[in-house]
Amino acid sequence: MSGLLDNHAFLGALQALYTKRRGVGSVFLTMKRYIPHTPTGPHATETKVLIRATDSKKKISTLVGAREHVSFQIQLGNLLKANYDALKKKERRAGTRRTVRRAARSSA
């Protein structure tokens with residue numbers, strides 16, 4: 001398991017995971033609130049988010065503080081948008097919406 005990365009290194013490693021898994025495989029991204037076990041120091045009360053990514057072989061993680069949260073989310077959003085090209089569009093049957101609407105109008 002890889003250690004805790006800084007935010008910039010995490011985004012670079014996440015891009016590498018997506019590039020490696022393009023076409024085959026999945027990358028899982030999880031976020032959860034981080035509460036330290038021993039709160040000490042001046043930033044002990046600062047809310048942080050633990051972000052983990054894995055492709056079932058390699059695990060990476062980072063801690064994002066409240067101050068860097070907005071800029072990190074923008075960068076992460078751009079990275080995710082760029083790598084969501086493998087999603088399939090939902091298949092829709094032709095005419096099913098019209099049939100349901102017409103049936104509702106005729107019964108009213």
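Leu-5 has Thr-62 in strand β4 as its bridge partner. Strands here are DSSP runs of E with at least two residues, and helices are runs of H or I with at least four residues, both numbered from the N terminus. The model is predicted, so local features need pLDDT of at least 70 and side-chain atom pairs count only at pLDDT 80 or more, while totals for chains, interfaces and linings use all residues. Residues are numbered from 1 along each chain as its sequence is written, and side-chain values use heavy atoms, with hydrogens and water left out.

Strand β1 (residues 4-5) and β4 run parallel and are joined by 2 bridges; two strands pair if DSSP finds at least two bridges between them. Strand β3 (residues 48-54) pairs with β4 in the antiparallel sense, over 7 bridges. Within β4, Lys-59 stands opposite Thr-54. A hairpin is formed by β3 and β4, with 4 residues between them, and Ser-56 in the turn has a positive phi of about 75°.

Strand β4 (residues 59-65) is mostly covered, as 5 of its 7 residues are buried. Buried means under 20% relative accessible area, exposed means over 50%, and partly exposed lies in between (1.4 Å probe, protein chains only). Ser-61 belongs to this strand. With a relative accessible area of 8%, Ser-61 is buried. Leaving aside neighbours within four places in sequence, Ser-61 is in contact with Gly-3, Leu-4, Leu-5, Phe-10, Leu-50, Ile-51 and Arg-52, where contact means heavy atoms within 4.5 Å.

The helices come next. Two packed helices are described by the angle between their axes and the distance between the axes. The axes of helix α1 (residues 7-20) and helix α2 (residues 69-83) come within 11 Å and cross at roughly 10°. Therefore α1 is roughly parallel to α2; angles under 35 degrees count as roughly parallel, over 145 as roughly antiparallel, 65 to 115 as roughly perpendicular and the rest as oblique. Among the residues that meet are Phe-10, Leu-11 and Leu-14 in α1 and Phe-72, Leu-76 and Leu-79 in α2.

The structure holds 1 aromatic pair. The ring centres of Phe-10 and Phe-72 are 6.2 Å apart and their planes lie at 40°, so the pair is tilted. Rings of Phe, Tyr and Trp (its six-membered ring) pair if their centres lie within 6.5 Å; planes under 30 degrees apart count as stacked, over 60 as edge-to-face and the rest as tilted. Phe-10 in helix α1 and Phe-72 in helix α2 are 62 residues apart, and the pair links distant parts of the chain. Both Phe-10 and Phe-72 are buried.

How values were computed. Axes are lines fitted to C-alpha atoms, for helices over the stretch in contact, and angles run from 0 to 180 degrees between N-to-C directions.
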